[in-house]
Amino acid sequence: MTESKLKYRLRPSVSLVPTRDEMIWEFFQSNTRRLKHIRVQDQWLIEAIKELDGTCVDELVAKYGLPDQLPKFLEYLSSVCLIEEVSIAQVVNESPYNRVLNFLADYFPSGELINAFERIRNSHVLLVGVGAVGSWIAHLLAQSGVKHLILCDPDIVKAHNLNRSLFVDSDKGKMKTKALGAKLEVIDHGIEVSCFEIMINDVDDLDQVLSRCQTCFDLVINASDYPNVDITSKTISTFCMSHNIPHIIAGGYNLHLSLIGPTIIPKETPCFYCISRRLEGGHPEDFSRVRKLYRPKRNIGNLSPLAGISASFTCFEAIRVLVKSERLRPVMVGRRGEFNFLTSKLNFSEYSRMPDCEWCGSII
């Protein structure tokens with residue numbers, strides 16, 4: 001379709017607001033609460049925009065003139081996601097993921113929107129650990145449109161899992177991967193779930209999963225805390241760096257905190273070793289007298305919202321990674337977040353690459 005025949009409308013989530021300066025108009029994207037102020041020299045352009053409701057470009061030109069300015073102005077408004085092509089809007093409205101697409105449309109213009117969603121849709125995500133945090137991550141990813149999910153966990157559902165995970169009483173005794181997979185397939189019959197009931201002890205275990213899946217992963221998410229997050233994160237990072245796969249440490253909860261991130265993009269961001277060494281070298285003053293105690297049967301308390309916070313942040317990051325676009329970049333690269341239950345505050349720590357890092361120092 002030629003540019004003059006395109007039909008546009010002001011996006012339903014966008015408001016057009018006058019300001020005190022008659023030459024400046026405010027466009028407000030309510031999905032993401034972003035403002036864009038645009039100086040408009042010819043007020044007939046604004047009158048034309050007010051009429052945009054499936055209107056053809058050449059119809060507006062015939063009514064208002066401005067044969068040069070108006071098409072260029074509409075093209076600009078489309079490029080910054082303030083108006084949309086009617087034909088694409090119809091596709092969005094007919095999709096079961098129309099709310100997801102409408103949200104993404106704040107970042108991707110009509111000509112890029114469907115392809116952006118398809119990149120998310122067709123991604124293969126390996127999730128290691130599907131307990132408290134992992135089960136909610138899988139559920140959120142499925143609701144966001146991810147179609148290929150690989151679940152890895154050797155455990156069965158137990159009674160004490162029910163207070164903080166997606167599982168219910170009837171799932172007790174079932175393999176976590178199988179019980180979760182059944183729930184995900186109800187969300188969308190097009191979802192393909194692969195289940196692996198193996199313990200990830202080393203990189204060879206992950207290579208085995210990769211070989212059996214017969215496809216490369218677009219993202220690996222670590223939500224496993226056995227024997228602890230540091231060990232599982234190191235194993236997963238070693239595997240992902242060798243295969244050039246983006247990966248997210250989903251965090252967890254401990255000491256009244258929800259831990260969030262980091263996200264690691266091989267050859268682009270600080271890696272697991274960079275961040276680990278920074279953490280080891282920077283203990284806060286109030287921990288200077290703390291000593292590790294060996295507690296083989298330590299039992300950490302938790303609340304379901306703490307797991308939910310970690311899972312929600314992880315899913316946001318996953319979408320940003322999977323869409324593979326400069327328009328929506330991951331925000332947790334080189335960052336680690338903590339949500340403090342006692343203070344209800346969210347704090348972030350920043351980390352940079354280590355020049356002598358054995359994994360990524362050579363590419364600085």
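This is a predicted model: local features need pLDDT of at least 70, side-chain atom pairs count only at pLDDT 80 or more; totals for chains, interfaces and linings use all residues.
Student: Which helix gives the largest share of the lining of the second largest pocket?
Tutor: The lining divides into nine nonpolar, four polar and one charged residue. Its largest share, five residues, comes from H12.

Student: Why do the buried residues of H3 line one face of the helix?
Tutor: Helix H3 covers residues 69-79, and its buried residues are Leu70, Phe73, Leu74, Leu77 and Ser78. An α-helix has 3.6 residues a turn, so residues three or four places apart point the same way. Viewed down the axis of H3, the buried residues line one face because they fall within an arc of 135 degrees.

Student: Which strands and helices do the buried residues of H3 pack against?
Tutor: The residues in question are Leu70, Phe73, Leu74, Leu77 and Ser78. Their packing partners include the helices H1 (43-50) and H2 (57-64). The strands they pack against are E1 (7-10), E3 (24-29), E4 (34-39) and E6 (83-85).

Student: Is aspartate 171 buried or exposed?
Tutor: Aspartate 171 is found in the loop between strand E8 (148-152) and helix H8 (176-187), and, leaving aside neighbours within four places in sequence, this aspartate is in contact with Val157, Ala179 and Lys183. The cut-off for burial is a relative accessible area under 20%. With a relative accessibility of 4%, aspartate 171 therefore counts as buried.

Student: What does the side chain of asparagine 163 make a polar contact with?
Tutor: Asparagine 163 is found in the loop between E8 and H8, where its relative accessible area of 44% makes it partly exposed. Not counting residues up to four places away in sequence, asparagine 163 touches Asn302 and Ser304. The polar contact, at 2.9 Å, joins its side chain to the side chain of arginine 164.

Student: How many Å apart in space are asparagine 163 and phenylalanine 217?
Tutor: In sequence, asparagine 163 and phenylalanine 217 are 54 residues apart. Taken from C-alpha to C-alpha, the separation in space between these two residues is 31 Å.

Methods
Residues are numbered from 1 along each chain as its sequence is written. Side-chain values use heavy atoms; hydrogens and water are left out. Buried means under 20% relative accessible area, exposed over 50%, partly exposed in between (1.4 Å probe, protein chains only). Helices (H or I, at least four residues) and strands (E, at least two) are DSSP runs, numbered from the N terminus. The arc is that of the directions from the helix axis to the C-beta atoms. Contact means heavy atoms within 4.5 Å. Ala, Val, Leu, Ile, Met, Phe, Trp, Tyr, Cys and Pro count as nonpolar, Asp, Glu, Lys and Arg as charged, and the others, Gly among them, as polar. A polar contact is a pair of N or O atoms within 3.5 Å; within protein, one must be able to donate a hydrogen and the other to accept it, and residues adjacent in sequence count only if both atoms are side-chain atoms.
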